[in-house]
Amino acid sequence: MAKVLVVTSGKGGVGKTTSTAALGAALAQMGENVVVVDFDVGLRNLDLVMGAERRVVFDLINVVQGVAKLSQALIRDKRLENLWLLPASQTRDKDALTDEGVGRIIADLRCKFDWILCDSPAGIERGATLAMRYADEAVIVTNPEVSSVRDSDRIIGMLDSKTVKAERGERVEKHVLITRYDSGRAARGEMLSIEDILEILATPLLGIIPESQDVLRASNVGSPVTLNNAASAPARAYVDAARRLMGEAVTMMVPTERTGLMNRLLGRRAA
Amino acid sequence: MMNLLRLLGGRTASAPVARERLQILLAHERGLRGQPDLLGLLRAEILDVVSRHVVLDPEKVVVRMDRGKHVSTLEVDIEVPNGFERSMAASG
């Protein structure tokens with residue numbers, strides 16, 4: 001049965017789009033049929049991170065308004081044939097999205113895919129509430145930093161009250177994904193620890209993505225980090241997270257960079 | 001505890017401060033959830049009750065909540081124009 005998963009956070013810049021692309025690609029690599037949907041109308045970026053920015057013809061709004069068919073707006077990934085993108089509109093604003101229109105598209109996508117990953121815009125306004133509206137599961141992307149944790153808490157409250165599942169008295173299955181984690185700084189007491197964040201948010205952990213230059217490197221070239229450098233620490237962490245989404249029990253650990261002495265001497269500048 | 005960490009680490013371990021601040025803040029914010037506009041509701045009902053007896057300018061009704069560590073105070077400031085007690089005169 002298809003699963004609708006919203007990637008959300010409240011706060012901007014914590015890694016929602018990066019995580020949507022990486023998790024989507026990792027699930028597709030495991031053989032699942034995946035579509036990643038950009039809900040950030042007016043400020044789309046998932047197309048860019050996926051490297052499909054020059055192939056966008058129709059978008060989510062066009063489909064909502066009946067200007068284009070769903071099949072015309074879906075873009076197939078060039079690397080993985082079972083990974084698709086539904087881009088957001090760049091010219092319209094988020095008011096062009098309607099609850100009913102989004103509901104219709106999600107229902108159509110459920111017939112075609114195993115996973116529908118909704119990349120939420122930042123904030124708690126219409127775009128964010130519609131991105132989570134039909135979700136079965138949620139990944140709450142959180143940085144080990146006070147404002148991000150506070151916003152995650154707020155979003156968790158919304159997932160428990162404003163989604164269709166919540167209104168039916170059911171629960172959206174929630175997972176926290178900690179990104180930009182620096183275990184050294186956490187150990188020195190300079191950064192909130194995993195335990196601190198989980199205790200405060202009282203939500204199970206999906207994965208820990210270490211702070212890494214590979215993430216920027218992957219978005220620079222328009223490739224999900226799991227495809228761009230599968231051996232990198234963030235890629236391995238995202239693959240582990242995707243396996244947990246599939247129901248596998250994977251031991252939780254923080255993958256570390258495999259930096260050799262030479263790399264360290266060179267300051268890891270060779271990108 | 002903080003001083004001890006400072007002595008041992010040579011610099012401030014700020015994560016415990018972050019953790020404590022978050023715990024206090026979120027306990028407070030979660031309490032407000034589900035009743036998103038408690039003050040607005042209080043203000044409307046106070047205005048309603050007082051207006052039955054006194055003619056009021058709705059703009060002159062201010063309801064403020066101040067949360068302290070142990071007690072919170074609810075401050076209701078109603079400005080009543082001079083010389084008007086509409087229904088008191090009628091029922092009087």
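# Group meeting: a predicted two-chain model

Let me start inside chain A. Beyond its neighbours within four places in sequence, Thr20(A) is in contact with Val7(A), Val36(A), Leu46(A), Leu117(A) and Asp119(A). Before going on, a caution: this is a predicted model.

Where does Thr20(A) sit? It is found in helix H1 of chain A, residues 16-29. Is Thr20(A) buried or exposed? Buried, with a relative accessible area of 0%. One of those contacts is also polar. The side chain of Thr20(A) makes a polar contact with the side chain of Asp119(A), at 3.4 Å.

Next, the cysteines. How many disulfides are there over all chains? The count comes to zero. Take Cys111(A). It is in no disulfide, and the nearest cysteine sulfur, that of Cys118(A), is 15 Å away. Now look from the other end. The cut-off for a disulfide here is 2.5 Å between the sulfur atoms. The surroundings of these two cysteines contrast. Cys111(A) is exposed, with a relative accessible area of 69%. Cys118(A) is buried, at 0%.

Now a helix end. Helix H11 of chain A covers residues 213-220, and Ser212(A) caps its N-terminal end. A side-chain oxygen of Ser212(A) lies 2.9 Å from the backbone nitrogen of Asp214(A). Just after H11(A), Gly222(A) takes a positive phi of about 70 degrees.

On to charge pairs. Side chains of opposite charge can pair when their charged atoms come close. How many salt bridges are there over all chains? The count comes to 23. I will pick out a few.

First pick: Arg243(A) with Asp240(A). They form a salt bridge, the closest N and O atoms being 3.9 Å apart. Both residues lie in helix H13 of chain A, residues 233-245. They are three residues apart, about one turn of the helix. An α-helix has 3.6 residues a turn, so residues three or four places apart point the same way. As for accessibility, Arg243(A) is partly exposed at 30%, while Asp240(A) is buried at 13%.

The side chains of Asp57(B) and Lys60(B) meet in a salt bridge, at 4.0 Å from N to O. Asp57(B) counts as partly exposed, with 32% relative accessibility. Lys60(B) counts as partly exposed too, with 35%.

Arg64(B) and Glu75(B) meet through their side chains in a salt bridge, 2.7 Å from N to O. What does this pair link? Distant parts of the chain. Arg64(B) is in strand E1, residues 61-67, and Glu75(B) is in strand E2, residues 72-78. The two are 11 residues apart. Arg64(B) is partly exposed at 42% relative accessible area, and Glu75(B) is partly exposed at 40%.

Back in chain A, there is a network. Asp99(A), Arg133(A) and Glu167(A) are linked in it by salt bridges.

Last topic: the interface. Chain A and chain B bury about 1,300 Å² between them. Of that area, 53% is on carbon and sulfur atoms. Which residues of chain A lose the most area to chain B? Arg150(A), Asp153(A) and Ile200(A), together 39% of what that side buries. The contact takes 15 residues from chain A and 14 residues from chain B.

What about polar links across it? Between chain A and chain B, the count is four salt bridges. One pairs Arg150(A) with Glu29(B), the closest N and O atoms being 2.5 Å apart.

Which elements give two or more residues to the side of chain A that touches chain B? Helix H7 (146-159) and helix H10 (194-201) of chain A. The largest share of that side, six residues, comes from H7(A). By type, the residues on the side of chain A that touches chain B divide into six nonpolar, two polar and seven charged.

That is the tour. Questions, please.

Terms used. Residues are numbered from 1 along each chain as its sequence is written. Chains are lettered from A and ligands numbered from 1 in the order in which they are written. This is a predicted model: local features need pLDDT of at least 70, side-chain atom pairs count only at pLDDT 80 or more; totals for chains, interfaces and linings use all residues. Side-chain values use heavy atoms; hydrogens and water are left out. Contact means heavy atoms within 4.5 Å. Buried area is the accessible area (1.4 Å probe) that two parts lose on being put together, summed over both. Helices (H or I, at least four residues) and strands (E, at least two) are DSSP runs, numbered from the N terminus. Ala, Val, Leu, Ile, Met, Phe, Trp, Tyr, Cys and Pro count as nonpolar, Asp, Glu, Lys and Arg as charged, and the others, Gly among them, as polar. Buried means under 20% relative accessible area, exposed over 50%, partly exposed in between (1.4 Å probe, protein chains only). A polar contact is a pair of N or O atoms within 3.5 Å; within protein, one must be able to donate a hydrogen and the other to accept it, and residues adjacent in sequence count only if both atoms are side-chain atoms.
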